[in-house]
Amino acid sequence: VIDCGSGKNKHFALGTWYGVRLTEKRGDSDGQYKNQGDYFFKCPQDFGVFVQAKLIVKKLDGETFDFANETQEIEAAKAMDDEKYEVGKTKIRALKTAFKELD
């Protein structure tokens, strides 16, 4: 919890902010605000966000999310990213080859 009611924290607007660890790779943080200064919490890159308290609608618990298998879900998300990267690399190689043939 980041209390910015006093305005002392220059990174955040006034109000109460939370660092939230997401269950999917949909964030923009690893717990550090815009790579500036201290970490407010820790999580894998792009699995965290900072939000104002008024935007939080639900907290997950052990019944709605399997925290024991969280590592598997993170690894699966990384594998999907790696696969997309490899597909992109293959397409670029094919384009380079096609352009060389045109020369």
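Predicted model: local features only at pLDDT ≥ 70, side-chain atom pairs only at ≥ 80, totals over all residues.

**Salt bridges and a surface patch**

Let me begin with arginine 26, which at 66% relative accessibility counts as exposed, where exposed means over 50% relative accessible area, buried means under 20%, and partly exposed lies in between, with a 1.4 Å probe and protein chains only. Residues are numbered from 1 along each chain as its sequence is written, and side-chain values use heavy atoms, with hydrogens and water left out.

Arginine 26 forms a salt bridge with glutamate 24, and their closest N and O atoms are 2.7 Å apart; by salt bridge I mean a side-chain nitrogen of Lys or Arg within 4 Å of a carboxyl oxygen of Asp or Glu. Glutamate 24 itself is partly exposed, with a relative accessible area of 42%.

How many salt bridges does the structure hold? There are 3 of them, and another joins aspartate 81 to lysine 25, with the closest N and O atoms 2.4 Å apart. Because aspartate 81 lies in helix α1 (residues 70-102) and lysine 25 in the loop between β2 (16-21) and β3 (48-52), this pair ties together parts that are 56 residues apart in sequence. The helices here (H or I, at least four residues) and strands (E, at least two) are DSSP runs, numbered from the N terminus. Aspartate 81 is partly exposed at 28%, and lysine 25 is also partly exposed, at 36%.

The salt bridge between glutamate 86 and lysine 89 has an N to O distance of 3.7 Å, and both residues lie in helix α1, 3 residues apart, which is about one turn of the helix. Glutamate 86 is partly exposed with a relative accessible area of 38%, and lysine 89 is partly exposed at 27%.

Helix α1 also holds leucine 95, and Leu95, Phe99 and Leu102 make a nonpolar surface patch of about 370 Å². Patches are made of residues with over 30% relative accessible area and no salt bridge, like charges being joined within 9 Å and nonpolar side chains (Val, Leu, Ile, Met, Phe, Trp, Tyr) within 5 Å.

Finally, please find tyrosine 18 in strand β2, which is partly exposed at 31%. Tyrosine 18 and lysine 54 are 36 residues apart in sequence and 10.0 Å apart in space, taken C-alpha to C-alpha.

How values were computed: Areas by Shrake-Rupley, 256 points an atom, 1.4 Å probe, with all protein chains shown as cover.
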